[in-house]
Amino acid sequence: MDNGMTQAPLSVAGLGVEFSDFRAVRDVSFDVRHGESFGLVGESGSGKSTILRAIGGLAPISHGTVRFRGEPVRATRSRAFRRAVQMVFQDPYGSLHPRQTVERQLSEPIRILGLDDRMDRIRQAIEQVGLNASFLYRFPHQLSGGQRQRIAIARALLVQPEILLLDEPTSALDVSVQAEVLNLLMDLRETRGLTYLFVSHDLAVVGAMCERILVMRNGEAVELLTGDQMRSGRVSTDYARQLLRASEGYQPGITRREAG
Amino acid sequence: MQDHLLDIRNLRVTFATPAGPNEALRGVSFAMGREKIGIVGESGSGKSLTGKSILGLTPGRASVTADRLMFDGQDMLTMPPRQLRQIRGRRIGLVMQDPKYCLNPVKTVGRQIATAAIAGRGMTMAAARAETVRVLRAVQISDPERVMRAYPHEVSGGMAQRIMLAMMVVCEPDLLIADEPTSALDVTVQLEVLALLDQLITARGMGLIFISHDLRLVSQFCDRVIVMYAGRIVESLAANQLHNAQHPYTRGLMNCLPAIDHKPGQRLPVLKREASWITE
């Protein structure tokens with residue numbers, strides 16, 4: 001913890017990820033600063049989720065290094081890493097075990113890391129995500145999509161992590177529920193001083209959540225933007241401009257009407 | 001009365017469950033001509049079910065009733081199944097959200113489109129193949145010969161959705177029901193597919209029912225927007241009047257989307273649901 005404040009808790013240098021012949025990520029470098037929310041945006045196949053998975057140890061690091069608190073991570077992540085870095089997946093329908101109660105799923109990380117006060121931790125985690133203990137004995141199919149994603153977030157929070165790797169945490173949810181989950185993530189970050197690495201295809205969502213944003217395309221980093229640059233449209237690459245335009249929605253080509 | 005391409009009055013769909021009947025659609029009424037109508041709502045609001053009930057594609061355990069369900073002057077509810085099959089695909093087309101699940105994985109793209117042309121328009125194989133090339137060009141696929149020989153897993157998501165559109169268009173329907181046709185696609189591809197859909201609809205003078213959860217997109221794309229909540233239509237208005245929406249649900253749906261210039265860390269407005277919306 002001595003150098004945790006000055007040094008980037010997570011830093012990626014020259015990262016490459018290869019699956020047999022296919023290079024999913026090529027030479028990507030960035031630092032995630034303590035307490036910031038760093039966004040990775042891009043379309044499908046851009047490698048944004050693969051970067052997240054490589055950091056979490058779910059995809060191979062073929063080139064370059066991933067440093068956690070200044071130390072390169074090893075193929076088998078250390079106990080400290082596994083406790084400090086937690087991942088939330090896109091699909092809350094797929095990331096929870098369909099035949100386990102919420103209580104059982106939340107017990108798992110506690111058991112794996114050998115922590116005590118099981119029930120206290122579970123109750124605390126479930127209340128932090130805006131649910132209550134009555135949800136503990138339900139199965140995933142008895143929850144709505146938003147409630148499931150809250151459970152997935154609660155599971156990540158149980159071990160009191162410092163960094164959350166968020167892989168499209170709201171793209172499977174309705175827009176109204178998305179707003180609730182995004183607000184929850186903002187609240188948690190403030191109250192618990194968390195650091196986020198936030199992956200999304202939605203520029204507006206990343207803009208609302210992140211201070212710095214890396215635009216990805218075909219496995220390569222295209223442009224690093226600050227949130228302000230993105231919001232005011234001050235981007236220098238064509239691709240970033242194209243993404244920005246697309247996020248404004250559909251405009252009939254010829255008979256283009258201006259709103260209002 | 002004959003003016004309407006589609007005229008629906010008091011459409012109700014009920015599922016029998018062990019806990020009692022579940023009313024999924026509770027009196028949906030609207031009429032449309034050859035225009036672009038958007039149906040918006042959250043998951044479970046009944047928007048997809050509305051589209052499916054028009055085509056009689058509800059599961060067998062659902063009971064469907066309506067005071068009127070007329071398509072081009074024909075009563076779809078009392079129609080014998082044989083006659084209904086003449087309408088499905090041929091006069092009313094359906095495009096679903098995930099093209100990869102809708103295409104047959106073990107048949108080539110060309111064969112699937114040709115089959116649709118043969119079944120829908122009684123073409124010969126040779127004519128159907130020629131027509132397939134033509135519609136693939138119409139959906140802006142530059143090398144139709146190659147794509148025809150491809151299997152669905154060999155094409156991208158955007159391409160697969162174009163193929164689905166081509167398959168619908170080959171039968172030259174009068175009404176197209178598009179259920180989240182672009183939700184599974186990347187943003188930039190999404191716009192291309194929408195532009196294409198717009199162009200096909202306009203060129204052929206078709207009616208379109210565009211089902212989506214994305215209110216902003218629907219309001220930009222359609223002439224009229226129908227907003228659904230818990231199996232009912234809560235508001236129906238012209239797309240360019242959306243900023244004058246009266247119902248708190250419509251307003252809530254619009255507000256909870258983050259805008260591109262949203263300040264980081266600023267909390268998003270959250271939709272507060274009220275029990276009265278279900279009955280009012």
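**Entry 1: the six-stranded sheet**

I began with an open sheet in chain A, which has six strands in the order β6-β7-β8-β3-β9-β10 and mixed pairing. I looked up the edges next: β6 (85–88) and β10 (220–226) of chain A stand there, each with a single partner strand, so one side of each has no neighbour in the sheet. From one strand to the next I noted an average twist of 20°. I keep in mind that this is a predicted model.

Within the sheet I checked the pair β3 (residues 37–41) and β9 (residues 212–217) of chain A, which is parallel and held over four bridges. Leu40(A) has Leu214(A) in β9(A) as its bridge partner.

**Entry 2: helices on the sheet**

I then asked which strands helix α1 of chain A touches. Helix α1 (residues 48–56) packs on the sheet and touches β3, β6, β7 (163–167), β8 (195–200) and β9 of chain A. The direction of α1 makes about 145° with that of β7(A). I found α5(A) lying across β6 and β7 of chain A, and the angle to β6(A) is about 170°.

**Entry 3: helix α4 of chain A**

I looked for the buried residues of helix α4 (residues 118–128) of chain A and found Ile122(A), Ala125(A) and Ile126(A). These residues cover an arc of only 95° around the axis, which means that they lie on the same side of α4(A). I turned to the other side of α4(A), where Asp120(A) and Glu127(A) are exposed. What do the buried residues of α4(A) pack against? I found α3 (102–112) and α5 (145–157) of chain A as their partners. After α4(A) comes Gly130(A), and I noted its positive phi, near 80°.

I followed strand β1 (residues 10–19) of chain A to strand β4 (residues 63–68) of chain A; the two run antiparallel and are joined by five bridges. Val12(A) stands opposite Val66(A) in β4(A).

β4(A) also pairs with strand β5 (residues 71–72) of chain A, in the antiparallel sense and over two bridges. Here I saw Arg67(A) opposite Pro72(A) in β5(A). The two strands β4(A) and β5(A) make a hairpin with two residues between them. In the turn I checked Arg69(A), which has a positive phi of about 50°.

**Entry 4: where chain A meets chain B**

I looked up the contact between the chains: 31 residues of chain A are in contact with 30 residues of chain B. Which helices of chain A each supply at least two residues of the side that touches chain B? I listed α6 (175–192), α7 (203–209), α8 (227–231) and α9 (238–247) of chain A. The largest share of that side, seven residues, comes from α6(A). By type, I sorted the residues of the side of chain A that touches chain B into 14 nonpolar, eleven polar and six charged.

**Entry 5: the annotations**

The unreviewed entry for chain A lists "domain: ABC transporter" at residues 10–243. Over residues 10–243 I noted 37% helix and 26% strand, with the end C-alpha atoms 27 Å apart.

For chain B, the UniProt annotation "domain: ABC transporter", also from an unreviewed entry, covers residues 8–255. Over residues 8–255 of chain B I noted 40% helix and 27% strand, with the end C-alpha atoms 30 Å apart.

Key. Residues are numbered from 1 along each chain as its sequence is written. Chains are lettered from A and ligands numbered from 1 in the order in which they are written. This is a predicted model: local features need pLDDT of at least 70, side-chain atom pairs count only at pLDDT 80 or more; totals for chains, interfaces and linings use all residues. UniProt positions are given in the numbering used here, feature names are shortened, and annotations may be inferred rather than shown by experiment. Two residues are in contact if their C-beta atoms, placed from the backbone, lie within 7 Å. Ala, Val, Leu, Ile, Met, Phe, Trp, Tyr, Cys and Pro count as nonpolar, Asp, Glu, Lys and Arg as charged, and the others, Gly among them, as polar. Two strands pair if DSSP finds at least two bridges between them. A residue is buried if 20 or more other C-beta atoms lie within 10 Å of its own, exposed if 12 or fewer, and partly exposed in between; C-beta atoms are placed from the backbone. The arc is that of the directions from the helix axis to the C-beta atoms. Axes are lines fitted to C-alpha atoms, for helices over the stretch in contact, and angles run from 0 to 180 degrees between N-to-C directions.
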